[in-house]
Amino acid sequence: MTNGVVVAIFIGAPLLYGLLLGAVYQKGKVNHLPVLVIDLDESPLSHKLIDMFDDNEVVDAEVVYDQNQLKSQIINKEYAAIVTIPERFEAHIIQKRHPEIQVEVNTANILTANYAAKALQMVLGTMNAGIEIEGIKKQGVPAITARSQYEAFGVNYARFFNASANYMTFLWPGVLGIIIQQVFMLALALSFAREFEQKTFFNEFMPQVKNIWSAMLIKALPFWIMGIGIVLLLRLMFPLFHVPFEADALAMISLLVLLVVSVAFLGILVSIAIPNQLKATEILMVIATPSFILSGFTWPLSQMPTAMVYLANIIPSTHFLEAMRKLLLYQADISDIWPQLKALILLSLIFALLSYGFLKFKIYRHSRAG
């Protein structure tokens, strides 16, 4: 094997990916998932229940005392579940009226939903048993008999955001986002590398385009135009596979445009820095392969080491997939995904400026050599 990049990838990629996956999944389980507790009772018993939630390692309770203006808060913080403690909860238990706690599990991410549901079920079951057993024992019933009769309150479980817990609805948009990223990134990786390989960049291409910004725009524009067709075709696949697609049109278009622009400039940057089509493609494949795992779409970013989070945040698909989930499953609007849009704008500017700098340096070095 005479291709040094191929040798490096063949030997290094398994080690790199092994270390990367190990770092991402090293915890092996999720913890400290945010859970919203709506405490409409504000009694000693409801406070005790909240303390029990906090004592559980899987969930972290954030408490509010009314149900006003919760939608934006739920979308922005992506709570794993919402627990509503009803009014007069403690009083109704004392009066044996069997109150009911409402638990709504966020199934936008099926993995975190399962962890949160099990943790909440354990805490509520423990509280329920403890209340009833103590009450029965006070009536003189033996402890063994008391343990077999325990339900002081009921628990009603429901799902929200992907209420059917459909795995296709959860996974399909994320996979398509990664496909869009890889197609544009690999296509643009060949743009300038082809000119450098064929030695037409300095003598033919640049004299025609006049300046660097025009050069990058001319290379990217055909792919941006073709990208409209690609996105429309992918959009048609949603009804084909019965995946719901209801999203704010302005927000979705803005998100797709910024993904394509940021990924295009990343591809251009690699194409300029690695002036060889094969090597540029190989390097971008190394970058693209783990991007879905790092994106936080399935395994949350909050559960990854800090270094992995920093790495994930420089990949456009991380921000795109977070916003995409909000738009398709949370019915969010453009204000709800503004943090992700800002991140994509920043990445686009960074990649564009780095591309400009690299290209400027290559032109300067060529002029000095000539």
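Q: Which residues do ring pairs link into a cluster?
A: In this predicted model, the cluster joined by ring pairs consists of Trp172, Phe238, Phe241 and Phe245.

Q: How many aromatic pairs does the count come to?
A: The count comes to nine aromatic pairs.

Q: Where do phenylalanine 89 and phenylalanine 153 lie?
A: Phenylalanine 89 belongs to helix 4 (residues 89-94), while phenylalanine 153 sits in the loop between helix 6 (143-147) and strand 5 (154-160). The pair therefore ties together parts that are 64 residues apart in sequence.

Q: Is phenylalanine 89 buried or exposed, and what about phenylalanine 153?
A: Phenylalanine 89 is buried, and phenylalanine 153 is buried as well.

Q: Changing topic: how many helices and strands does the protein chain have?
A: The protein chain has 16 helices and five strands. Its radius of gyration is 27 Å, well over the 21 Å that the globule rule gives for 370 residues, so the chain is more spread out than a compact globule.

Q: What does the C-alpha trace span along its principal axes?
A: The C-alpha trace of the protein chain spans about 100 × 45 × 35 Å along those axes. As an example of two separated residues, histidine 98 and asparagine 211 are 75 Å apart in space, C-alpha to C-alpha, and 113 residues apart in sequence.

Q: Where is histidine 98, then?
A: Histidine 98 is found in the loop between helix 4 and strand 4 (100-106). With a relative accessibility of 40%, histidine 98 counts as partly exposed, because that class runs between 20% and 50%.

Q: What share of the residues of the protein chain count as buried?
A: Of its 370 residues, 46% count as buried. The protein chain exposes about 18600 Å², and 63% of that area is supplied by carbon and sulfur atoms.

Q: Which contacts does lysine 362 have, leaving aside its neighbours within four places in sequence?
A: Lysine 362 is in contact with Phe196, Phe202, Ile272 and Pro275, once those neighbours are left aside. Lysine 362 is part of helix 16 (residues 338-369).

Q: Is lysine 362 buried or exposed?
A: Lysine 362 has a relative accessible area of 13% and is buried, because the cut-off for that class is under 20%.

Q: What about charges: how far apart are the mean positions of the positive and negative ones?
A: The protein chain has 26 positive and 27 negative charges, and their mean positions are 12 Å apart.

Q: One more topic. Which phi does glutamate 42 have?
A: Glutamate 42 has a positive phi of about 50°, although it is not a glycine. Most residues other than glycine have a negative phi. Glutamate 42 lies in the loop between strand 1 (33-39) and helix 2 (44-55), and its relative accessibility of 47% makes it partly exposed.

Q: And what is the phi of arginine 88?
A: Arginine 88 has a positive phi of about 55°, and it is not a glycine. Arginine 88 is in the loop between strand 3 (81-85) and helix 4. At 45% relative accessibility, arginine 88 counts as partly exposed.

Key
Residues numbered from 1 in each chain as written. Predicted model: local features only at pLDDT ≥ 70, side-chain atom pairs only at ≥ 80, totals over all residues. Heavy atoms only, no water. Helix = DSSP H or I, 4+ residues; strand = E, 2+ residues; numbered from the N terminus. Rg over C-alpha atoms; globule rule 2.2 N^0.38 Å. Buried < 20%, exposed > 50% of the residue type's maximum accessible area, 1.4 Å probe, protein only. Areas by Shrake-Rupley, 256 points an atom, 1.4 Å probe, with all protein chains shown as cover. Lys, Arg positive; Asp, Glu negative; His and termini not counted. Charge placed at Lys NZ, Arg CZ, Asp CG, Glu CD. Phe/Tyr/Trp six-rings, centres within 6.5 Å; stacked < 30°, edge-to-face > 60°. Contact = heavy atoms within 4.5 Å.
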